[in-house]
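Please keep the model open while reading these notes. They go point by point.

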Amino acid sequence: MQQDQRGYPVTTDDSTAVEELDRAFNAYVGFRTDAMAHLDAAIAADPGFALPRIIKGTLIAGLKKPELYPLASGELEAAKNCAAPVSQRESHYMAALEAALVDNVTAAVTHYEQIANDHPLDLFALRIAQSELFWIGEVAWMRDISERAAPRWNPDVSGYSSYLSIRAFGLEENGDYALAEKCGREAVDRNPADCWGAHAVAHVLIMQGRLLDGVGWLSELSTNWSAANHIVHHLWWHLALFHTEHGDYDSALELYDHRLRDLDSPLMQAIPDYYVDIQNDTALLQRLELRGVDIADRWQPIGDLAQTRVGNHASPFTSAHSALALAAAGRYQEADEMVKMMKAFVADDTGSLGPRYAIAVLPASEAAIAHRKQNYQQVIDIMMPARRNLWQMGGSHAQRDLFFQLLVDAAVKLKRGEILALLLDELGAIGFDHVAERSSYADAVAMTH
Ligand SMILES: [Fe+2]
């Protein structure tokens, strides 16, 4: 029996396996590309060590592609066949993977939550609980898990900056902007390459309407992101968002072409269909189009990616974006097919995602398709009753704003001032400040005065 980097027991006698597992965990919470390589090294060092196999399966399942679940399931089976008995913490990770493989996200999270409660320095448990809850919109639950661990963390514990960045994002999505910004900035002060801390502060800045602060913050930090994984595309997306809201569409489009969708980059070549990339790209193109920017033929490659997710129900938030992208690429038949498959999924699903598709993803998808067809009344009819449930598709306030913008745009097109007054008021309640200074809502604000 050995101990990991924070003193928690792990069921192996091989110190190299433990070191490699620690490196894998650090790579995961540090948003670097080498987590899987270190897991493979841990498995090679001790093939009878179950935990790295479980974590490898967990990371594969986390790619939100059910066609890869058999690979993850293979790791789970191999872990179960390891001779050594697993600890309680390790058995929770095993049970979480079993739940994840049937898309029972809330069940998986209860295991991560228990691990984090019993082992508050387990950064992997804290971070993956946050990630999984974020993608189903359960942000209060997400914050509570990271806040519960706070008393056990201090600057002398290794990985403190990563903890601060996790804490910052949990606080930010729950509207505690001051403490979120403090934690996020401290994380980046301690480790300038801390992408998640940079990201949490970017969220604070967009919610508070501090657009030029956001441009400066991310532009300055971007020199530190060379070892980052696909999170870097999302950070560039955030920078493009600040530019877009400030009305600098040329800079946003340049970032799209050279940073978000650079097909020659090693990251894009390694995983060309990463689900968050589909969200980033769809969201930016749609936002720019809403502002009247000609985005030329950029929809077609995104339509190709969306096409591969027509029957994929592992990521509610990505599904809504995929339906939007299919319609935007003029592939209405595929978009309709996607909606049809979502309805069949909703009727059959016994996991935790079906209800979220029913209450949030389906209306958002149908509204996005209707908007593309310029059927603005239908957008209003679908979205007005559904809009307060959209959080259940997951994603951040800043990301989900895309669907709110479609509704607002429909109301602008139909000159429905009374609806706009209501929606603009609601943006404040969601947590957005200085809405009138954002290009996305300038037309709506003008129409209500
Ligand atoms: Fe974000």
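1. Ground rules. This is a predicted model, in which local features need pLDDT of at least 70, side-chain atom pairs count only at pLDDT 80 or more, and totals for chains, interfaces and linings use all residues. Residues are numbered from 1 along each chain as its sequence is written, and side-chain values use heavy atoms, with hydrogens and water left out.

2. Helices α2 and α3. Helices here are DSSP runs (H or I, at least four residues), numbered from the N terminus. Helix α2 spans residues 35-45 and helix α3 residues 50-61. They pack at an angle of about 155°, with axes 9 Å apart. Axes are lines fitted to C-alpha atoms over the stretch in contact, and angles run from 0 to 180 degrees between N-to-C directions. That makes α2 roughly antiparallel to α3 (the term applies to angles over 145 degrees). The crossing of α2 and α3 is left-handed, meaning that the near helix is turned anticlockwise from the far one by less than a right angle.

3. The α2/α3 contact. Contact means heavy atoms within 4.5 Å. On the α2 side are A35, M36, L39, D40, A42 and I43; they meet P52, R53, I55, K56, L59 and I60 in α3. The residues of this contact divide into nine nonpolar, no polar and three charged. Nonpolar covers Ala, Val, Leu, Ile, Met, Phe, Trp, Tyr, Cys and Pro; charged covers Asp, Glu, Lys and Arg; the others, Gly among them, count as polar.

4. Helices α7 and α8. Their packing angle is about 165°, and their axes are 8 Å apart. The two are therefore roughly antiparallel to each other. α7 passes α8 in a left-handed crossing. L126, A129, Q130, L133 and F134 in α7 meet W141, M142, I145, S146 and A149 in α8. The residues of this contact divide into eight nonpolar, two polar and no charged.

5. Aromatic pairs. The structure holds 14 of them. Rings of Phe, Tyr and Trp (its six-membered ring) pair if their centres lie within 6.5 Å; planes under 30 degrees apart count as stacked, over 60 as edge-to-face and the rest as tilted. W135 and F317 form a tilted pair, 5.9 Å centre to centre with 40° between the planes. W135 lies in the loop between α7 and α8 and F317 in helix α18, so the pair ties together parts 182 residues apart in sequence. Both W135 and F317 are buried (under 20% relative accessible area, 1.4 Å probe, protein chains only). W153 and Y163 form a stacked pair, at 5.0 Å centre to centre and 5° between the planes. Both W153 and Y163 are buried.

6. Ring cluster. Which residues do ring pairs link into a cluster? They are F31, F134, W135, F169, W196, Y274, Y275 and F317.

7. M207 and I430. M207 sits in helix α11 (residues 195-207). At 0% relative accessibility, M207 counts as buried. M207 touches E172, Y177, H397, A398, I430, G431, F432 and D433, not counting residues up to four places away in sequence. I430 is found in helix α23 (residues 417-430). At 31% relative accessibility, I430 counts as partly exposed (between 20% and 50%). I430 and A398 are 32 residues apart in sequence and 9.8 Å apart in space, C-alpha to C-alpha.

How values were computed:
Parallel < 35°, antiparallel > 145°, perpendicular 65-115°, else oblique.
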